[in-house]
Amino acid sequence: MQVVSLHEDVIVLRSMMWQTTATLVHADGAPAGAGETFVVDSPVFQDELDAVPAVVAQAGWEVSGLLSTHGDWDHLLARLALPDAALGVAETTGARLRAEPGDAQRRLREFDDEHYVQRPRPLSLGQVQALPVPGRLDIGDREIELVPADGHTQDGMAIWLPWSRVLLAGDYVSPVEIPLVGEEGSRAGYLATLGRLRSYVEQADWVVPGHGTPMDGPRALAVMREDVAYLQALPRDDAPLPIARRTATQRRLHAENVARLRGEAA
């Protein structure tokens, strides 16, 4: 796992699996020492998860709670390392989790079985707090902005940290993964989310994708333009895959996008 500090209040951990990112967000409070720290999303492997509390402690912080940008299982694993922390999600994600009880746990078990992964305990999401999105959330003496982000899935939010000028984009604007329109997502919703996020990317010092290395604003804008061109060309077979995302895996995912969107149009 790789760990990088983007700002004195923002530390990003990047998993070896799918380059999944988790972000530690901190803000001081009054009186001194009354600050708060949120863990946003999660790495995948157990040793990576176990390292999260250690990184928080090394920074001199204490975890106040967890946030997940959306309900895909690989973004919901932080409670395996921090089982007493409450989990906050967008209202749309809360509705998804209620409609799909046990789905994240089942998918995690399937992943672990395939890759021979052992974990110390089953995943329990505990008491999930549904947050109004769009909306704002206090952290210490700061405030973060919650931005609707659907299209990849039916649910989700991006998170804007105005004091550090960092955007946590969820599974959007990835330098390693093409836009994935999931079974419950939509191309129109995905394009709408990219349009919604553009103003944040334009003013961001850093954009943290759900998968991939954090990028500065200009690089993230370039990725966003590539994603818009790709989505607008779907469901054509020759929709332009970005040069850096033309691996065999991304071509397979492209074929899945084409088949899904053509099936919806039939």
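Which strands does helix α2 lie across, and at about what angle does α2 run to β6? Hold that for a moment. One caveat: this is a predicted model.

Now the answer. Helix α2 covers residues 91-99. It lies across β6, residues 87-90, and β7. Relative to β6, helix α2 runs at about 105°.

Both of those strands belong to an open sheet. That sheet has seven strands, in the order β1-β2-β3-β4-β5-β6-β7. The pairing is mixed. At the edges sit β1, residues 2-7, and β7, residues 128-131. Each of these edge strands pairs on one side only. From one strand to the next, the twist averages 25°.

Look at the β1 end. The partner there is β2, residues 10-14. Five bridges join β1 and β2, and the two run antiparallel. For a landmark, find V4: it stands opposite V12 in β2.

On to the other sheet. Six strands this time, again open, ordered β8-β9-β10-β11-β12-β13. Here too the pairing is mixed. The edges are β8, residues 135-139, and β13, residues 215-216. Each has a single partner strand, so one side of each is left without a neighbour in the sheet.

Inside this sheet, take β9, residues 142-148, and β10, residues 157-161. They pair in the antiparallel sense, over four bridges. The landmark here is P148, which stands opposite M157 in β10.

This sheet has a helix across it as well. Helix α4 spans residues 187-203. It lies across β9, β10, β11 (166-168) and β12 (206-208). Its direction is about 150° to β9.

Last topic: aromatics. How many aromatic pairs does the structure hold? Six. Let me pick out F45 and F111. Their ring centres are 6.2 Å apart.

Buried or exposed? F111 has 4% relative accessibility, so it counts as buried. F45 has 23%, so it counts as partly exposed; the cut-off for buried is under 20%.

Ring pairs link W18, F45, W73 and F111 into a cluster.

How values were computed
Residues are numbered from 1 along each chain as its sequence is written. This is a predicted model: local features need pLDDT of at least 70, side-chain atom pairs count only at pLDDT 80 or more; totals for chains, interfaces and linings use all residues. Side-chain values use heavy atoms; hydrogens and water are left out. Two strands pair if DSSP finds at least two bridges between them. Axes are lines fitted to C-alpha atoms, for helices over the stretch in contact, and angles run from 0 to 180 degrees between N-to-C directions. Contact means heavy atoms within 4.5 Å. Rings of Phe, Tyr and Trp (its six-membered ring) pair if their centres lie within 6.5 Å; planes under 30 degrees apart count as stacked, over 60 as edge-to-face and the rest as tilted. Buried means under 20% relative accessible area, exposed over 50%, partly exposed in between (1.4 Å probe, protein chains only).
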